[in-house]
Amino acid sequence: PFLMTNFHLVQSDLVWEHVDANLEHLEHQISSIRSGAIILPEMFSTGFSMASAKLAESMTGKAVTWLTKQATQKQVYICGSIIIEEDSRYFNRFVWVSPDGALTTYDKRHLFRMAGEHRHYAAGANQVQLSINDMQIRPQVCYDLRFPAWSRNTTGYDVLVYVANWPAARRQHWMTLLQARAIENLSYVIAVNRVGKDGNDIEYAGDSCVIDPWGNYLLEMDAEERIGTVDLDLVSLREYRESFPAHLDADTLDIK
């Protein structure tokens, strides 16, 4: 079995509501990557827009097609969230594409009401667990980070992945909560946020990072547009869980 996997965190500025420009820019950014998993921010093709009816695409649309092309041509895993229309509803949907072109999706459950997201999108209801090599991955999207019961590690995942458009004004919350999720779930946390300023004049400070189960930063990124790469080790994670099995004393939670 593979016990080490490399992850590429793509911290990018995004062109407001301009799918073609974002896909072209991101393709240039990731052009040299040929292995592992590429993680893009939340709503990477549009920015965090509430214009769901105008910007939504289907699962055979431009951004999903682009993701599939990148995954199959580079033979990598690639993911990020996109505005998707399905059954006359709009979703902030995390899409994960495997090297063989297979798609797995997770719809953001917690919609950011302070921006009106709950009025323009439908909430997801289901957790998803992904696998890359031997690593089990739980995807989450931005505001999900504030709700620890939803990310509770009851399924033995190894990596908790957050894709986000998290404003600079609340960067202290971002960094504190990410560290808490890693520690409480005995898990690695990978978090990818955007940089720059969006069409609503909101600033983003990046702060994409990778945190280990002890709460240590394996990768810290500033507010610059760049890619950070980290290798995650499953052996040390398993050894830590065996030596400090706090999960065995966890409370039972039933999420409705």
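Here is a walk through this predicted model, starting with a sheet and moving on to the helices around it.

Let's begin with the open sheet. Six strands make it up, in the order β6-β7-β8-β9-β12-β13, and the pairing is mixed. The edge places go to β6 (130–132) and β13 (217–220); each has a single partner strand, so one side of each has no neighbour in the sheet. On average, and ignoring direction, neighbouring strands here are turned by 20 degrees against each other. As background, strands of a sheet pair through backbone hydrogen bonds, either parallel or antiparallel.

Both senses turn up in this sheet. Strand β7 (residues 135–141) runs parallel to β8, and five bridges join them; if you want a landmark, find Arg-138, which stands opposite Leu-160 in β8. On to the next pair: β8 and β9 are parallel too, with six bridges, and here Val-163 faces Val-192 in β9. To get from β8 to β9 the chain passes through α5, and this β-α-β crossover is right-handed. Over at β13, the sense is antiparallel: β12 (residues 209–211) pairs with β13 over three bridges, with Val-210 opposite Leu-219.

Now zoom in on β8 itself. How many of its six residues are buried? Six of the six are, so β8 is largely enclosed by the rest of the structure. In a regular strand the side chains alternate between the two faces of the sheet. In β8, Val-159, Val-161 and Val-163 are buried on one side, while Leu-160, Tyr-162 and Ala-164 are buried on the other, so to speak covering both faces.

Helix α5 (residues 171–184) lies across β8 (159–164), β9 (188–193), β12 and β13, and runs at about 155 degrees to β9. Which residues of α5 are buried? They are Trp-174, Leu-177, Leu-178, Arg-181 and Ala-182. These residues cover an arc of only 140 degrees around the axis, which puts them on the same side of α5. As for what they touch, the buried residues of α5 pack against β8, β9 and β12. After the helix comes Leu-186, with a positive phi near 50 degrees.

Next, turn to helix α3 (residues 62–74). It has 13 residues and reaches 18 Å from its first C-alpha to its last, close to the 18 Å expected at 1.5 Å a residue. Its buried residues are Ala-63, Val-64, Trp-66, Leu-67, Gln-70, Ala-71 and Lys-74. Looking down the axis of α3, you'd see them within an arc of 160 degrees, so they line one face of the helix. Just after α3, Gln-75 has a positive phi of about 60 degrees.

β4 and β5 run antiparallel, joined by five bridges, and Val-97 stands opposite Leu-103 in β5. Five residues lie between the two strands, and Gly-101 in the turn has a positive phi of about 90 degrees.

Val-19, Asn-22, Leu-23, Leu-26 and Gln-29 are buried; down the axis of α1 they fall within an arc of 120 degrees, so they line one face of the helix. On the other side of α1, Glu-24 and His-28 are exposed. The cover over the buried residues of α1 includes β1 (4–11), α3 and β14 (226–233).

Last stop: the loop between α1 and β2, where you'll find Ser-32. Is Ser-32 buried or exposed? Its relative accessibility is 65%, and anything over 50% counts as exposed, so Ser-32 is exposed. Ser-32 and Lys-74 are 42 residues apart in sequence, with 9.3 Å between their C-alpha atoms.

Methods: Residues are numbered from 1 along each chain as its sequence is written. This is a predicted model: local features need pLDDT of at least 70, side-chain atom pairs count only at pLDDT 80 or more; totals for chains, interfaces and linings use all residues. Side-chain values use heavy atoms; hydrogens and water are left out. Two strands pair if DSSP finds at least two bridges between them. Helices (H or I, at least four residues) and strands (E, at least two) are DSSP runs, numbered from the N terminus. Axes are lines fitted to C-alpha atoms, for helices over the stretch in contact, and angles run from 0 to 180 degrees between N-to-C directions. Contact means heavy atoms within 4.5 Å. Buried means under 20% relative accessible area, exposed over 50%, partly exposed in between (1.4 Å probe, protein chains only). The arc is that of the directions from the helix axis to the C-beta atoms. A crossover is right-handed if, with the strands pointing away from the viewer, the path from the first strand over the helix to the second runs clockwise. The expected span of a helix is 1.5 Å times one less than its number of residues.
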